[in-house]
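I opened my notebook to record what I looked up in this structure, entry by entry.

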Amino acid sequence: MPGTLYVVSTPIGNLGDITFRAVETLKAVDLIAAEDTRHTKILLDRYGINTPATSYFEYNKIRKTEYLLKVLLEGKSVALVSDAGTPGISDPGYKIIRICIDNNVQVVPIPGPSALLTALVSSGKPTDKFTFEGFLSNKTGKRKNQLAKLKEEDRTAVLYESPHRIVQCLEDVLEVYGDIEIVLARELTKKFEEIRREKVSASIAHFKTNKPRGEFIVII
Ligand code: SAM
């Protein structure tokens, strides 16, 4: 019998944000596949979890997927975790999940935090229908096209962005949408958590004078 792949959500910052079931699962499995084992070790130490961990990240995922599949087909159980939140959302998790399904390995989700829902529900923007775009393209033309398509929608849009590209992203939003009200969620659940609800031009002005730090979510 093949083993099971558990897709385990972990905190997006505050280490207290983990479920009992996630901790039990991380203790019980044979192996943890983590995006960054050093990062995950902080969480494992906090909860006294001694399960061995191996890395599974963007640049080794093809080789590591073969290894993890072999382990699973031998009947062992593996927990997949990412650096933050729910594995498979804008991180390399998708590939191993798909391969497991294709090889009749059972996939069991252990739900918990996800940055996009945490930001959406605190934004005050309509939540009845929304679209999640993840990270926009790093090519300017493509990024503006993506924004132009989003503008045609009548749904709230959620984007992920890094600190070094946030100002550029906001300038593109201003160009495509005009000076609309947006929400910027930064460092959610962490010490410097900040949720800004303001015009795009105000966010741009703020982050041109205050160096952007941490992780960002833009809600349009
Ligand atoms: N798998 C994760 C999830 O469940 O949301 C997302 C991983 S993705 C590689 C990382 C991006 O998520 C960051 O660039 C940022 O846009 C967003 N993010 C993650 N943690 C966050 C936090 N604490 N506050 C704000 N944004 C966060």
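In what order do the 5 strands of the open sheet lie? Working in a predicted model, I read the order as 6-7-10-8-9, and I noted that the pairing is mixed. At the edges I found strand 6 (130-135) and strand 9 (194-199), each of which pairs on one side only. I wrote down that the twist averages 20° from one strand to the next.

Next I looked at strand 8 (residues 181-186), which pairs with strand 9 in the antiparallel sense over 6 bridges. Within this pair, I saw that Arg 186 stands opposite Glu 194 in strand 9. I then turned to helix 8 (residues 200-209), which packs on the sheet and touches strand 8, strand 9 and strand 10 (216-219), and whose direction makes about 125° with that of strand 9.

Where does the largest pocket lie? Domain 1 (4-110) and domain 2 (115-219) both give residues to its lining, so I placed the largest pocket between them.

Last, I looked up the second largest pocket, with about 280 Å³ of space. Its lining includes Glu 35, Tyr 59, Asp 91 and Phe 135, and by class I recorded 4 nonpolar, 2 polar and 3 charged residues there.

Technical notes
Residues numbered from 1 in each chain as written. Predicted model: local features only at pLDDT ≥ 70, side-chain atom pairs only at ≥ 80, totals over all residues. Heavy atoms only, no water. Pairing = 2+ DSSP bridges. Helix = DSSP H or I, 4+ residues; strand = E, 2+ residues; numbered from the N terminus. Axes fitted to C-alpha atoms, helices over the stretch in contact; angles between N-to-C directions. Contact = heavy atoms within 4.5 Å. Domains from an automatic or database assignment. 1 Å grid on protein atoms, 1.4 Å probe; cavity = no way out; pocket = protein on both sides within 12 Å on 5 of 7 lines; lining within 4 Å. Points joined across faces, edges and corners; volume = space filled by probe spheres on them. Nonpolar A, V, L, I, M, F, W, Y, C, P; charged D, E, K, R; others polar.
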